[in-house]
Amino acid sequence: MKRFHAYIGNFLLGARLAWNDRTDLFSTLLIYTTLMTVFNAIYSVFPLQELGHPDLTHGHLLWYFAITEIVIVSVQGSERELGRLIAEGQITTLIQRPLSLIGLTQTRMLGYVCVNAGVLILFALLTVPFLTGLAIPMPVEALPLLVLSILLGIILFLMLGYAVCTIEIFGPYSRPVGWILNKIIFTFGGLFFPVMFFPELLQKITWLTPFPAIITVPGNFVLVQDMHIHLIGIGHQLVWLLVLCGVAKLAEYKMIQTVLTRGD
C-alpha cells in the first residue's frame with residue numbers, strides 16, 4: 001500500500017511539474033493549434049465522396065484528427081525520458097530505490113502527459129466546433145469511454161517509448177530508433193487518415209500491430225456510432241497494454257543486467 005501511495009505521489013508530482021511549466025504547455029498548444037489549422041484546410045478540400053461514406057463531412061475528419069493528435073502531441077518528448085536518464089548516468093542510482101524503475105519513471109511521465117492531454121481536450125471541445133460548425137459527433141454518454149481510450153493510447157505510447165529508450169545503454173541509438181518508430185506509428189496507426197479507409201488487406205495487417213490501439217481506437221469514437229465497436233476497441237487496447245508492459249519490463253530487465261555487468 002505504501003508503494004501504491006508513492007506511485008500516486010509520483011503521478012501528482014508529474015502533473016504539478018506540467019502545470020507549472022507554462023512554457024512547455026504553451027508550446028504544446030501552439031503545435032496543436034498549428035496542426036489543426038493546417039489539416040482543417042486540407043480536409044476542407046478533400047474529395048470526401050471518394051471514401052464512399054455520404055454522411056462523412058470534413059468536420060468528422062477534423063474531429064478524428066483532433067482526438068488522435070491529443071495522444072500524439074501530449075506525449076511527444078515525454079516518451080524519451082528514460083533515454084535522458086541513461087545518458088546522464090542515473091540508472092545505477094535509480095535502481096537502488098525501493099520503487100520499480102518503470103513505475104518510477106512512467107507514473108511521473110503519465111502525470112505530466114495527462115495535464116497536457118486534459119488541456120488539449122478542453123481546447124478541442126472549444127475550437128473544433130468553431131472551425132467546422134460541428135459539435136463532437138458522438139453521444140454524451142460515450143465521453144467517459146473516449147477519455148479512457150485516450151488515456152490507454154497515451155500509456156501504450158509511453159510503454160513503447162520506454163522499451164525503445166532502454167537501448168540507450170548501448171549507445172546514442174534510442175532517439176533515431178524512436179523517431180523511426182514514431183513515423184511508423186503515425187502511418188499505420190491512422191494519424192492522418194483513418195485505418196477504416198485503408199485497403200482491406202492493409203487493414204488486416206495493421207490491426208495485427210499495436211499502432212491502431214494507440215491512435216485509431218480513440219479516433220473512431222467520432223467516426224463510428226456503435227458502442228459495441230468502441231468496447232471491442234478498448235478491449236483491443238487492454239490486450240496490447242498487457243503485451244507492451246511485458247515487452248517494456250523485459251527490455252528494462254536486459255538493460256539493468258547490462259548496467260550491473262559493466263556500469264552506466
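F65 is buried, because its relative accessible area is 0%, where buried means under 20% relative accessible area, exposed over 50% and partly exposed in between, using a 1.4 Å probe and protein chains only. This is a predicted model, in which local features need pLDDT of at least 70 and side-chain atom pairs count only at pLDDT 80 or more, while totals for chains, interfaces and linings use all residues. Residues are numbered from 1 along each chain as its sequence is written, and side-chain values use heavy atoms, with hydrogens and water left out.

**Aromatic rings**

- Rings of Phe, Tyr and Trp (its six-membered ring) pair if their centres lie within 6.5 Å, and planes under 30 degrees apart count as stacked, over 60 as edge-to-face and the rest as tilted; by this rule the count comes to 6 aromatic pairs.
- One of them joins F39 and Y43 in a tilted arrangement, with 5.8 Å centre to centre and 50° between the planes.
- F39 also pairs with F65, and this pair is stacked, at 4.2 Å centre to centre and 25° between the planes.
- Ring pairs therefore link F39, Y43 and F65 into a cluster.

**Where these residues sit**

- Both F39 and Y43 belong to helix α2 (residues 22–44), 4 residues apart, which is about one turn of the helix; helices (H or I, at least four residues) are DSSP runs, numbered from the N terminus.

**Helix α7**

- Of the 23 residues of α7, 18 are buried, so this helix is largely enclosed by the rest of the structure.

Key
Helices (H or I, at least four residues) and strands (E, at least two) are DSSP runs, numbered from the N terminus.
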